[in-house]
Every structure is written in structure tokens, then in C-alpha cells.
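Here are a few notes to read alongside the model.

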Amino acid sequence: MRDTLKHRGMRNKLAEVLVAKGISDKNVLEAIRTIPRHLFMDSSFEGHAYQDKAFPIAADQTISQPYTVAFQSQLLEVKPDQNILEIGTGSGYQTAVLMLLRAKVYTIERQLELFKKTKIFFRKMGYRPKKMIFGDGYKGLPEQAPYDGIIVTAGAPEVPRALMSQLKIGGRLVIPVGTDDQIMTLFIRKSEKEFEKKEFGSFRFVPLLENKN
């Protein structure tokens with residue numbers, strides 16, 4: 001599959017849809033306009049790649065809806081050279097958005113099939129996260145902590161303590177919390193012990209599973 005002018009036109013339209021839905025971060029919108037989402041999906045879905053919808057990928061997972069990716073990225077308020085931990089690499093689309101925002105991305109995937117597939121895809125596309133790890137996202141990645149931002153791309157029944165502890169003071173954790181429906185939640189670390197919590201309405205994600213490698 002190639003990336004054509006037609007694809008670029010479809011991405012511009014998608015960005016307009018996201019603006020209409022309230023996405024205002026110019027850098028996030030630029031990432032949506034730039035990244036060839038159709039290449040992250042099975043070629044049979046290529047015609048649907050620039051609809052604002054989630055689609056199935058390998059290992060019973062999904063590539064998130066562009067609005068969700070943009071919304072989470074906007075909440076994270078990424079600055080260049082920040083260390084960002086991503087829980088749930090999935091197709092790698094959210095990872096690519098973070099890299100385009102010039103973050104140093106550490107990303108963890110617990111589905112081996114998906115991990116292998118996305119790793120090969122990144123190599124082919126020239127995407128270079130700082131680290132791509134096969135492991136349990138519940139535990140985070142303590143050896144690279146603390147992080148400026150942590151983004152979780154699966155629904156967590158509760159907020160993993162390990163992730164809270166790996167956040168810098170002033171850092172932001174964006175996580176969908178809940179079992180069936182999830183509430184998009186932002187935690188900002190104010191001090192060693194204190195976190196500010198904000199909630200942003202309901203979303204649907206595949207579940208974040210603990211110790212299920």
C-alpha cells in the first residue's frame with residue numbers, strides 16, 4: 001500500500017471532523033494530517049481508514065478511533081523531548097502520533113502477536129520509539145521513570161498504582177477507567193502524595209488485563 005494525494009486529502013477531511021468535535025491542539029491535528037493511518041490497518045479496511053471509527057487489528061484488538069487518539073494526545077499536552085510511557089502499543093498509530101509530537105516514547109504491548117507485527121512495521125516505516133517492550137503494562141517501566149506523561153490505550157478497571165508512582169511531579173497520566181464503559185481520566189501529579197483528578201466523559205476501549213502475557 002502506498003500513501004497518495006488522495007489519502008492526504010482524506011486525512012485533511014478527518015482533521016476537519018476532529019476540529020468540529022472539539023480537538024484544538026494544532027500539533028495533534030498536524031500529526032493526524034501527516035500519519036498514513038491506512039498503513040496501520042489491514043488492507044481490506046483501507047477504504048475506511050479515514051473514517052472517525054475504531055477498526056479490528058490482530059489479536060482481537062482494535063486501532064482506536066482517531067478522535068480518541070487525538071483527545072488523549074491533547075490531554076497529555078506533549079512537549080518536545082518529553083519522556084512519555086505508552087501502555088498498549090497496539091497497531092502503533094498512537095505511538096506514531098506521540099513521536100510526531102517529538103516525544104521520546106517508551107511503549108509496552110502485552111500481546112505477543114501484535115508486538116512482533118508492530119515492531120516489524122515500525123522498522124519498515126522508519127518509526128523509532130526509544131523502547132518497544134513486550135510485557136505487562138500494569139507494572140509500567142520503572143527503569144526509565146519518572147515520566148512527563150503516561151498514556152493508557154486500554155480500559156483499566158482501576159488505576160494501576162505503579163503508573164501513578166512512575167509519574168514526574170507535574171506529569172500527566174491519561175487513562176480510561178472502568179469496566180464496560182470507561183471514563184477518560186486525567187491525573188496531574190502535584191507532589192509526592194497529591195494528584196489532581198479530572199474526568200472527561202465516557203469512551204469504549206478493549207480491556208487492560210493484568211498478568212496476561
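1. The protein has 6 helices and 9 strands. Please keep in mind that this is a predicted model.

2. On overall dimensions, the C-alpha trace spans about 50 × 35 × 35 Å along its principal axes. The radius of gyration is 16 Å, which agrees with the value near 17 Å that a compact globule of 213 residues would have. Of the contacts between residues at least 6 apart in sequence, 52% join residues at least 24 apart.

3. Now to the inside. Buried residues account for 54% of the 213 residues. The largest nonpolar core holds 46 residues, and Leu18, Ile23, Ile35 and Phe40 have the most contacts inside it. Two or more residues each come from helices H1 (5-20), H2 (26-34), H3 (66-76), H4 (93-100) and H5 (112-125), and from strand E8 (182-189). H3 gives the most, with 6 residues.

4. Leaving aside residues up to four places away in sequence, what does Ile23 touch? Its partners are Leu18, Val28, Leu29, Tyr67, Ala70, Phe71 and Gln74.

5. In soluble globular proteins, nonpolar side chains tend to be buried together.

6. Finally, the surface and the charges. The accessible surface comes to about 10,400 Å², and carbon and sulfur atoms make up 50% of it. There are 33 positive and 24 negative side chains, with the centres of the two sets 5 Å apart.

Terms used
Residues numbered from 1 in each chain as written. Predicted model: local features only at pLDDT ≥ 70, side-chain atom pairs only at ≥ 80, totals over all residues. Heavy atoms only, no water. Helix = DSSP H or I, 4+ residues; strand = E, 2+ residues; numbered from the N terminus. Rg over C-alpha atoms; globule rule 2.2 N^0.38 Å. Buried < 20%, exposed > 50% of the residue type's maximum accessible area, 1.4 Å probe, protein only. Contact = heavy atoms within 4.5 Å. Areas by Shrake-Rupley, 256 points an atom, 1.4 Å probe, with all protein chains shown as cover. Lys, Arg positive; Asp, Glu negative; His and termini not counted. Charge placed at Lys NZ, Arg CZ, Asp CG, Glu CD. Core = buried A, V, L, I, M, F, W, Y, C linked by side-chain atoms within 4.5 Å.
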